[in-house]
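Q: I would like to learn how to read a model of this kind, one feature at a time. Where should I start?

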Amino acid sequence: MTKKCKRCGLKTVLTQDDIEKMVNEVMSMKGVRLAREDEYMKRIDICAECDSFIYSSTCAVCGCVMQVRARLQDGKCPKKKW
Ligand code: SF4
């Protein structure tokens with residue numbers, strides 16, 4: 001059985017395909033302000049080294065999928081690492 005997040009009900013372990021679908025959905029939303037690609041890469045590199053980064057996708061502090069959150073211009077790290 002697939003484990004689900006207690007907070008949002010999504011699967012806890014996402015496939016690359018799941019992540020790509022979420023990213024594409026958010027990036028195609030009207031009015032979403034995105035971070036520059038270099039800023040996104042800087043953020044996701046910091047997450048990748050963080051103890052709170054779990055399942056290669058999720059921040060254990062805020063529960064967000066970082067491949068999405070780090071792309072948002074106003075996205076923030078709850079530990080203020082970026
Ligand atoms: S958002 Fe911050 S706390 Fe969460 S995984 Fe990334 S660096 Fe770590």
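A: Start with pLDDT, the predictor's confidence in each residue, from 0 to 100. Helices (H or I, at least four residues) and strands (E, at least two) are DSSP runs, numbered from the N terminus. This is a predicted model, in which local features need pLDDT of at least 70, side-chain atom pairs count only at pLDDT 80 or more, and totals for chains, interfaces and linings use all residues. Residues are numbered from 1 along each chain as its sequence is written.

Q: What is the mean pLDDT of the protein, and what share of its residues reach 70 or more?

A: Where pLDDT is low, the predicted coordinates should not be read in detail. Here the mean is 91, and 95% of the residues reach 70 or more.

Q: How many helices and strands are there, and which pattern do they follow along the sequence?

A: The secondary structure comes to 3 helices and 2 strands. Read along the sequence, the pattern is α-α-β-β-α.

Q: How does the radius of gyration of the protein compare with that of a compact globule?

A: The radius of gyration is taken over C-alpha atoms, and the globule rule is 2.2 Å times the number of residues to the power 0.38. For 82 residues a compact globule would have a value near 12 Å; the protein has 12 Å, which agrees. The C-alpha trace spans about 40 × 30 × 20 Å along its principal axes.

Q: How do I read burial, and what percentage of the residues in the protein is buried?

A: A residue is buried if 20 or more other C-beta atoms lie within 10 Å of its own, exposed if 12 or fewer, and partly exposed in between, with C-beta atoms placed from the backbone. Buried residues make up 12% of the 82 residues.

Q: How does α1 read as a helix, in span and in burial?

A: The expected span of a helix is 1.5 Å times one less than its number of residues. α1 has 12 residues and reaches 16 Å from its first C-alpha to its last, close to the 16 Å expected. The helix is hardly covered, since the count of buried residues among its 12 residues is 0.

Q: Where is Val26, and what is it in contact with?

A: Two residues are in contact if their C-beta atoms, placed from the backbone, lie within 7 Å. Val26 is found in helix α1, residues 16-27. Val26 counts as partly exposed because 16 other C-beta atoms lie within 10 Å. Leaving aside neighbours within four places in sequence, Val26 is in contact with Val32 and Val68. Val26 and Met66, 40 residues apart in sequence, have their C-alpha atoms 12 Å apart.

Q: Is Asp45 buried or exposed?

A: Asp45, in helix α2 (residues 37-48), is exposed, because 12 other C-beta atoms lie within 10 Å.

Q: Which residues does Ser57 contact, and is Ser57 buried or exposed?

A: Ser57 lies in the loop between β1 and β2. With 20 other C-beta atoms within 10 Å, Ser57 is buried. Beyond its neighbours within four places in sequence, Ser57 is in contact with Leu14, Ile19, Val65, Met66 and Gln67.

Q: What is phi of Tyr55, and what is phi of Lys80?

A: Phi of Tyr55 is near 55°, a positive value in a residue other than glycine. Tyr55 is in the loop between β1 (53-54) and β2 (58-59), and counts as exposed because it has 12 C-beta neighbours inside 10 Å. Lys80 has a positive phi of about 60° although it is not a glycine. Lys80 lies in the segment after α3 (66-69), and its 6 C-beta neighbours inside 10 Å make it exposed.

Q: Which residues are around the ligand?

A: A residue is near a molecule if its C-beta atom, placed from the backbone, lies within 6 Å of it. The residues around the ligand include Cys47, Cys50, Cys59, Cys77 and Met66. Ala, Val, Leu, Ile, Met, Phe, Trp, Tyr, Cys and Pro count as nonpolar, Asp, Glu, Lys and Arg as charged, and the others, Gly among them, as polar. On that division the shell holds 9 nonpolar, 1 polar and 2 charged residues.
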